[in-house]
Amino acid sequence: MNFSRLLTWLDVKRVIREVTVGGRKLPDGIVRISCYSDALEIGIQQKEQIEKAKKKLKDWFGEWYQEEKSVIQLDFGDGALPVEFIYGEEPSNTDISPRPFWEEMAYLEKRELDGETEFSAIPGLPLPQPFLSNKPKLVSFYSFKGGVGRTLHLAAFLFALLDRAKELGQTATVLVIDADLEAPGLTYWNRQESQQPSVSFLDFLEIYQYAPSDIVETLDLFAKEIKKAPKTDGRTTWYFLPACLKDRQLLDTPVLPEHLARNQDGWECGKAVFQLGQAVGADYVLIDLRAGLSEISSPILFDPRIQRYIVTTITEQSVSGTSLVLDQISCLAPPASTQTEEVDYYDPSLIISMLKPELKDRPAFADALVKLRSAYDLERLQISETDFAEELLYINGWEDARSKLAPSSIMRTAREWAKSQLKSSATQKTGYNKEGQLSEARKLREVCKQYEFAENGKGKGLLVTDPLKNLAAAFSEELPRAVSIGAKGAGKTFNYIQLSQFRTWEKFVEHVLKRTPETELKTETYIFPLLQSKVLKDDAAQITMTARDEVTKALDTDLPEFSPSACQDRIKEMLHKETCSELEWTSFWVGELQNALGIGYGSGQPNTLTYLNNELKQRGIKVVFLFDGLEDVFTEISSNSAQQSALRALIDLPKRLSEIRQANIGVIIFLRRDFLRHIVTQNLAQFENLYRAYDLSWDEESFKRLVFWICSQAGVIDAKAEEVESLSRDELNDRLEQLWGMKLGADSSKEASSINWIFAALTDFKGRIQARDIVRFLLHAAKIAIDHAEEVMLDRWATDRMLPPQAIRRAIVPCSREKVDEAKEEYPEFKRWVEKIADKQEKKIPFTLEHFDTNQDEKGILEEMGVIYEDREKDGVARFYMPEIFRSGLDFTPEKGARPRVLVLKRKALGPRYA
């Protein structure tokens, strides 16, 4: 039974349309089904097929179909609809495409693919023929509900487009059409202007439908009337076509957009507006549509040749209605491939308006995002957010709108769109050809190989990050005493090696703070790499050994060569002794410092910082000791109390040094972040805050600067290392477009922003990202571009960017797998968990802990690593999600409906641009 109640013959008709997909899938033998107020007619080819037809009616209507009476019983009173079988009819054409009307789209069925709705045009449902020219571009604004700021957003897009054209010194012509034929807000705005149009949109519809002469000639004459009322500003010009000239016109509308849509193939309305824009000479046509489920709007709203912006608030009515609209539009979703070719079709874009900070923090907002994303392909539905501004509640004309919109978030969104539409000549083309692109990709690949693993010691340059700046600035006049905390891959070993390469602290400070070197230094502060990772390769080991040799020369004593591995052995030997107090460990660590310099260690002298400091002062020597690779020695930090005690004593050294006035000893300890919770059992937040300035964490800006710096080291996209710190955020974005383009498709497509997509793909749900993942991602993207040039259409993108969109999308998988492999080596608990779930048939997200027999200790490790994230906002049940950087490598797949929730969680971590 496909219905709840049958009140009239219209309900019978609706059931028939639903089970036959709008009459396009008729059962075998039935050639026609026509429903009228007085009968249901079923046409069949042969009389013997009547029984099959009756069986179908029984399947569809159950007991409501009374075969003996040949009627369908209605539920209102004793009404019944007679059923008549007419045989001998020939098959009718059921391949007629539906027209862009709500009632015709309502009964199209979507396909399911791997548990997810496949958002692409219905099989056999042709998209409209592309416009024959790329000018003008048509942009429409629609809302399910009125009063949500739709018209304001159109105005902002208009002003942003005009401003962008003036900024670039380009000409631009825009036609604005008020197509809201029931509540024409822009038309009333424009009546404040001194110069009024002489024609209206209603006039256009009528003259196009009943053209008195050739349509081209008719449009030219109509365009001349529009151009009699220009609005100019420098080299930009725009025209306005009101809905009506007098209000009386709204009461008598014999021709509406739906009438044009009933002509020919159903797409005549979009074609008509396009032709009008051409006749006016417009570069863009902005169209304000009628709100609601109106056929006044549907011929434009369903047209995928038009950029469509749908504006909504997060009220239940607006979200539910907008979700319904998106679901219907998805019937005509263009193939995804068109988003990476020259753009002929567009996906809709969503703008959530009138937001207040308190609304964004409510679970209802996250649920609204999930609902909206679930209604259309979440990867292709772009969502922007604009804030509530009380001054925008009342607008009186174009200039009033312009001044009040200028500082608003609506204008910021509009400017981003305008920037994607109008490109400066400096950034429009990269100047590559395919061979040049391959050459650049090879250079990038080789440099990324050098910097992927710091222990190789291949990369010679130093990216001056905020933690390094802070370290240099804080300790420019005194020796450093700090703990630099960072996750695996954050750059601890890289910075350790680079500091060693400077050999003296003064040279490091001069480089970072860009100071002029002092010609005569009374005392140089030498850098002594004491404890280091056991996996350092020859080049890196040579750098640290050379730094230590400088100290030996300065001491002018005959010391045996210091051995980091011997130091590790002594630590392990100490760990195997009976329980040692932290005081004993402090004495041990100071003893290691003395031993490294051959000062007093093992000679009966006290192992104290004061003694060592006095000895160094007498010799006129200053030394900064570096510690790295602690994870190689303290492998059981989570459970071994001796190891915890040893490290507590070590990280207490900076504090002890601060108690010595004008110390000649400095210490920098590079510590893995997860070690902290096992070492610092009290006042952890206080400890982290003490060294927060030197924390090796990466945010969006440092991510961009690292990418640009890597490009400078590779000598690609004209990046220069000296520019890294001076470029603004916007300048960085512009320059990096030469690397990966503005979007993962053509710049004017509705694909995701390249920079946003990459940053989101590499971060976890707490917004954390690692330097190694960034470098590795670039490495794989370049490698894929080189090895699979044809598959990723390298030559298609050669003049636009260095790395093709498909190379970027595909790079996340090997990047994720390598991250998982490393994490298994780094975290034994994680490795055991991965082995435990390996045989599970269903590895889906979200999941519950019980599904994978995950205990609380494992949960803690997984959360700490960023592998899982707990979400309880839906019905209070704990469900766990995975960020993409782990999901691909662990072979998890999203359940139906999970992916919208993942994006909502990303938005919470990274902000609205990643929603």
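Which residues does A721 touch, not counting residues up to four places away in sequence? In this predicted model, the residues that A721 touches beyond that range are S712 and Q713.

## Setting of A721

A721 lies in the loop that runs between α30 (700-714) and α31 (729-740). Its relative accessibility is 37%, and A721 therefore counts as partly exposed, since that class lies between the cut-offs of 20% and 50%.

A721 and R817 stand 96 residues apart in sequence, and their C-alpha atoms are 31 Å apart.

## Overall architecture

The chain comprises 39 helices and 23 strands. Along the principal axes, its C-alpha atoms fill a box of roughly 115 × 70 × 55 Å. Of the 915 residues in the chain, 57% are buried.

The chain exposes about 39,400 Å², and carbon and sulfur atoms supply 47% of that area. Among contacts in the chain with a separation of 6 or more, 75% are accounted for by residues 24 or more positions apart.

## The five-stranded sheet

An open sheet is formed by five strands in the order β1-β2-β5-β4-β3, and its pairing is mixed. The edge strands are β1 and β3 (65-66), each of which pairs on one side only. Strands of a sheet pair through backbone hydrogen bonds, in either a parallel or an antiparallel sense. Here, strand β2 (residues 40-44) and strand β5 (residues 80-87) pair in the parallel sense, over five bridges. One of the paired positions is I44, whose bridge partner in β5 is Y87.

Helix α1 touches β1, β2, β4 (71-73) and β5, and its direction makes about 150° with that of β1. Helix α2 (residues 50-61) touches β1, β2, β3, β4 and β5, and the direction of α2 makes about 150° with that of β5.

F3 is found in the segment before α1. The residue is classed as buried because its relative accessible area is 11%, below the 20% cut-off. Leaving aside residues up to four places away in sequence, F3 touches V15, W60, F61 and W64.

F3 and K443 are 440 residues apart in sequence, and the distance between their C-alpha atoms is 64 Å.

## Packing of α17 against α33

Helix α17 (residues 434-452) packs with helix α33 (residues 771-787) at an angle of about 145°, and their axes are 8 Å apart. The crossing of α17 past α33 is left-handed.

On the α17 side, the contact is made by L438, A441, R442, L444, R445, C448, K449, Y451 and E452. Their counterparts in α33 are R772, V775, R776, L778, L779, A782, K783, A785, I786 and D787. By class, this contact of α17 with α33 holds 11 nonpolar and eight charged residues, with no polar ones.

## Backbone features in loops

Most residues other than glycine have a negative phi, and most peptide bonds are trans.

V21 has a positive phi of about 50° although it is not a glycine. The residue is located in the loop between α1 (9-19) and β1 (30-35), and V21 counts as buried because its relative accessibility is 9%. R503, also not a glycine, has a positive phi of about 75° and is placed in the loop between α19 (492-502) and α20 (505-513). With a relative accessible area of 32%, R503 is therefore partly exposed.

The bond from K135 to P136 is cis, with omega near 0°, and P136 belongs to the loop between β7 (116-118) and β8 (137-142). I845 and P846 are likewise joined by a cis peptide bond, with omega about 0°. P846 is found in the loop between β20 (844-845) and α37 (856-865).

Methods:
Residues are numbered from 1 along each chain as its sequence is written. This is a predicted model: local features need pLDDT of at least 70, side-chain atom pairs count only at pLDDT 80 or more; totals for chains, interfaces and linings use all residues. Side-chain values use heavy atoms; hydrogens and water are left out. Helices (H or I, at least four residues) and strands (E, at least two) are DSSP runs, numbered from the N terminus. Buried means under 20% relative accessible area, exposed over 50%, partly exposed in between (1.4 Å probe, protein chains only). Contact means heavy atoms within 4.5 Å. Axes are lines fitted to C-alpha atoms, for helices over the stretch in contact, and angles run from 0 to 180 degrees between N-to-C directions. A crossing is left-handed if the near helix is turned anticlockwise from the far one by less than a right angle, and right-handed if clockwise. Ala, Val, Leu, Ile, Met, Phe, Trp, Tyr, Cys and Pro count as nonpolar, Asp, Glu, Lys and Arg as charged, and the others, Gly among them, as polar. Accessible areas come from the Shrake-Rupley method with a 1.4 Å probe; for residues, only the protein chains shown count as cover. Two strands pair if DSSP finds at least two bridges between them.
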